[in-house]
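Subject: Structure handover

Hi,

Here is the structure I promised to pass on. Please open it alongside this email, and my notes follow below.

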Amino acid sequence: MIREYKTNSRMKSLFGGSFEISDKFTPEANLVMACDDALTFARSLPKDFFSLIITSPPYNIGKEYEHKSTLKEYLAQQEPLIGELVRCLKHDGSICWQVGNYVENGEVFPLDIHFYDLFKSKGLHLRNRIIWHFEHGLHCSLRFSGRYETILWFTKSDNYIFNLDPVRIPSKYPGKCHFKGNKKGLPSGNPLGKNPSDVWKIVAEDWERLIWDIPNVKANHPEKTIHPCQFPVELVERCVLALTNENDWIYDPYAGVGSTLIAAAKRNRRAVGCDREEKYLDICRNRLQMLAEGTLRTRPLGKPVFKPTGREKVSRRPATWDKEETLL
Ligand SMILES: C[S@@+](CC[C@H](N)C(=O)[O-])C[C@H]1O[C@@H](n2cnc3c(N)ncnc32)[C@H](O)[C@@H]1O
């Protein structure tokens, strides 16, 4: 089935004013959202087609959409899918694999370490291991609380798309000048800003911090849906801008509520997503429709992270703690 959406005047640039969401892959659609098993669906896609494949796979940690198995079984299940993804990827394309940890009996197994070998065995080249830092999450009592996940960015060849300018961030000292040579006295930086580095915290105003700090999608976040493990649209948007050009095709094999499709559509790229849970696809279609109407709330790219002023009740130290300390 193909659903057609008209975009309102605010979103006129989106696919020239109207777009379709198809539930089967067709190169004529702008967006495809298929309800299927990831491997079965990947096998149906054309080879050498996508410029960017970006996903956050299930982590095998017992979420509502997965059955927890051993790490060995889990990786054995992922391997044929990764083979298919490499087949679908264009020669100058990229794969971004966003993962955290698998945890067994309190022991942590960083998934990127295990996935690295799988991608290398398919002939891919690692360009960055990006740290995505966030400030919220579970408070651990027997180890330090985890506050980052990683994105492995691989390319299929040495000839790959990389657009640095659209993702540059303001430099700390834009007034810095060359101090010798024939450019002495001239500005040494780039007027568009500097490379955001591989530790990602976007800094629109906070010059001191260089980590990409996109709040992870939890309660109070404008993007939160019923999905237990969404990733932020802003995170994908950065990869979309840096690793693809307008009208390129992007693919998310575990698309959930469609954060990748939204990032792609916002930036006039075409996208294919697959998830086996119909309830997530419904939300995805709804979010895309809201995007088209200009009513979808997402964190704007590069918006600084909220810092408490100290006046909010939650940012003040409870008075009872100090009373208890006096009694001790
Ligand atoms: C970590 S979530 C991805 C969330 C997504 N990045 C978002 O922002 O909404 C992983 C997704 O994989 C889906 N999934 C798990 N196993 C699958 C399979 N074998 N085939 C297709 N989808 C699967 C789950 O339903 C879940 O939505």
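How many residues surround the ligand, and which are the closest? Before the answer, one caution: this is a predicted model.

**Ligand**

The ligand is surrounded by 19 residues. The closest are A38, Y65, Y254, G256 and S259. Sorted by class, the shell holds 9 nonpolar, 5 polar and 5 charged residues.

**Helix pair**

Next, two helices. Two packed helices are described by the angle between their axes and the distance between the axes. Here the pair is α4, residues 233-243, and α5, residues 259-266. They pack at an angle of about 50°. Their axes are 8 Å apart. Angles under 35 degrees count as roughly parallel and 65 to 115 as roughly perpendicular, so α4 and α5 are oblique to each other. The crossing of α4 and α5 is right-handed.

Which residues make the contact? From α4 come V233, V236, E237 and V240. From α5 come S259, T260, I262, A263, A264 and K266. By class, the contact of α4 with α5 has 6 nonpolar, 2 polar and 2 charged residues. Note S259: this residue of the α5 contact is also listed among the closest to the ligand.

**Hairpin**

Last, the strands. β6 covers residues 101-104 and β7 covers residues 107-110. They run antiparallel, joined by 4 bridges. N101 has P110 of β7 as its bridge partner. The hairpin of β6 and β7 has 2 residues between the strands. In this hairpin, N105 takes a positive phi near 50°.

Best wishes

How values were computed. Residues are numbered from 1 along each chain as its sequence is written. This is a predicted model: local features need pLDDT of at least 70, side-chain atom pairs count only at pLDDT 80 or more; totals for chains, interfaces and linings use all residues. A residue is near a molecule or strand if its C-beta atom, placed from the backbone, lies within 6 Å of it. Ala, Val, Leu, Ile, Met, Phe, Trp, Tyr, Cys and Pro count as nonpolar, Asp, Glu, Lys and Arg as charged, and the others, Gly among them, as polar. Axes are lines fitted to C-alpha atoms, for helices over the stretch in contact, and angles run from 0 to 180 degrees between N-to-C directions. Angles under 35 degrees count as roughly parallel, over 145 as roughly antiparallel, 65 to 115 as roughly perpendicular and the rest as oblique. A crossing is left-handed if the near helix is turned anticlockwise from the far one by less than a right angle, and right-handed if clockwise. Two residues are in contact if their C-beta atoms, placed from the backbone, lie within 7 Å. Two strands pair if DSSP finds at least two bridges between them.
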